[in-house]
Structure formats: structure tokens, C-alpha cells
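Have a look at the model first, and then I'll walk through the pairs.

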Amino acid sequence: PHEEDAVRAHVAGCPDCARDHAELAPVPALLGAVEDPEAVPAEPPPTLEDAVLDRFVREGARPEAGARRRRAFRWLARPLPAAALAATAAVVLTLAATGAFDRDGEGPKVYGAHLRAAAGGAPAGGGAERPYAYVHLSSLDTGTRVELKASGLAGAPGAVYELWCIYPDGSRVSGGTFRADPAGRATATMTTAARVGEYHRLAVERHAPGEPGQRVLAGDIAY
């Protein structure tokens, strides 16, 4: 405990450690969901079948859905051997985290943000497309699921873009990294330990070999 403040201060100012922290943040929750392998075999929770059905309905009927549903029901009807308890716990946690179901029967909280060119972040050339991104944020028990679509991200070969979640006090947590295609477009899905509602602004920085990081996009979250 006496080192926590020093660690938080370091993570807030160190991009590498912030990325590592964001990637490792879900691990405690995953470990907490793992059951004792010596425990008595248990059946999946009754709510799981309803959750799977609800997911099928919401995604829409597809030709192959019927066969998958029948296979899923046969699997759900089986008691779980002790050796499979840990894996099942992880699967259930993943379903909850991705919005398949939650304990309150409600979907995750969802927000959006429009990110536009930051000062100095527009590509060179009068006719070049200006950088823009739309970010879709949904709350998870372990942080935030981030879905990003961007365009106009012209940059140096090998450039890596990093999304930052910025808190009111100016501290920030990495939302993950992604790359743009040759046309300057990018689509990425990431998970960050930052929790929706605690940060209010997003920014994207470009990191290219031999160049300092440059902010190219920024915008506020619409709460």
C-alpha cells in the first residue's frame, strides 16, 4: 500500500507502463472467476441459456443459426466435469464483458465521441483528407470496450496510433494501439482499464520511427 501512489504517478506519465497496465488490468477479475478444480461438478447457471437465446434473437436469424442453437442447447444440458469449471468461468465472464448478458438484465452503458484533427495533426497538402474518427465506448466490469473507425490518418510508414483516455485532471490511460491502412483508414476494437464516466476526453497520437509522438485527433465524449 505504501507504494501505490508512486506507482499510479509513474503509470500516469509512462506510455509503456500505461499500456501494460491496461492489458493486465482484467487479470484479477479473470482469476477471481476461476473455481476450485477439486470442487463438485456443477451445471451452468440457468440464466446462461436465456442469455444465449437472447443473443441469437438480437443478432437476427441466419440460416445456420438453428443448427448452432441446437448444438448449444445440447452442450448446456450437460453437467460440467471438474476439470472444465475454470474454462467455463472464463467463457461466462467473457460473455458478460462483451454485453451478451449482465446481472441486471440490462446492456452495457454505451457512449460515443467524434475525434477531429488536432492542431498540427492534419496531413500535408491542401486536398488531403483531414483526420477524423468515431469512437464507440461500452462499459465493462473491467473497464471499457473501445470500437474505433478512423480516416485521413496519413503518416510515415510503420506509424502506430495510440488512443488515450484523458481524465479531468490531465492524467491519462492508454486505450490501445492500432495501425492505419495505406489509404489512411483504420478499424480497431480494444479494451482499456479506464472506466467510462471517469474520463471525459479522448486523443489519438501517432508514433513513427525516429519521430516524437504527435497528437493527430482529439474530442470530448458525449455523456
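So, Glu162 and Arg19: their side chains form a salt bridge, with N to O at 2.9 Å. By salt bridge I mean a side-chain nitrogen of Lys or Arg within 4 Å of a carboxyl oxygen of Asp or Glu. Glu162 sits in strand β4 (residues 160–166) and Arg19 in helix α2 (residues 15–24), so this pair ties together parts that are 143 residues apart in sequence. Helices (H or I, at least four residues) and strands (E, at least two) are DSSP runs, numbered from the N terminus.

Glu162 is buried, at 1% relative accessibility, while Arg19 is partly exposed at 23%. Buried is under 20% relative accessible area, exposed is over 50%, and partly exposed is in between, with a 1.4 Å probe and protein chains only.

A word on the source: this is a predicted model, where local features need pLDDT of at least 70 and side-chain atom pairs count only at pLDDT 80 or more, though totals for chains, interfaces and linings use all residues. Residues are numbered from 1 along each chain as its sequence is written, and side-chain values use heavy atoms, leaving out hydrogens and water.

Next up, Glu205 and Arg172, with their closest N and O atoms 2.8 Å apart in a salt bridge. That one links strand β7 (residues 201–207) to strand β5 (residues 172–178), 33 residues apart. Glu205 is buried at 11%; Arg172 is partly exposed at 21%.

Then there's Arg201 with Asp220, a salt bridge at 2.7 Å, N to O. Here Arg201 is in strand β7 and Asp220 in strand β8 (residues 214–222), 19 residues apart. Salt bridges with shared partners also join Glu4, Asp5 and Arg8 into one network.

And how many salt bridges does the rule give? Seven.
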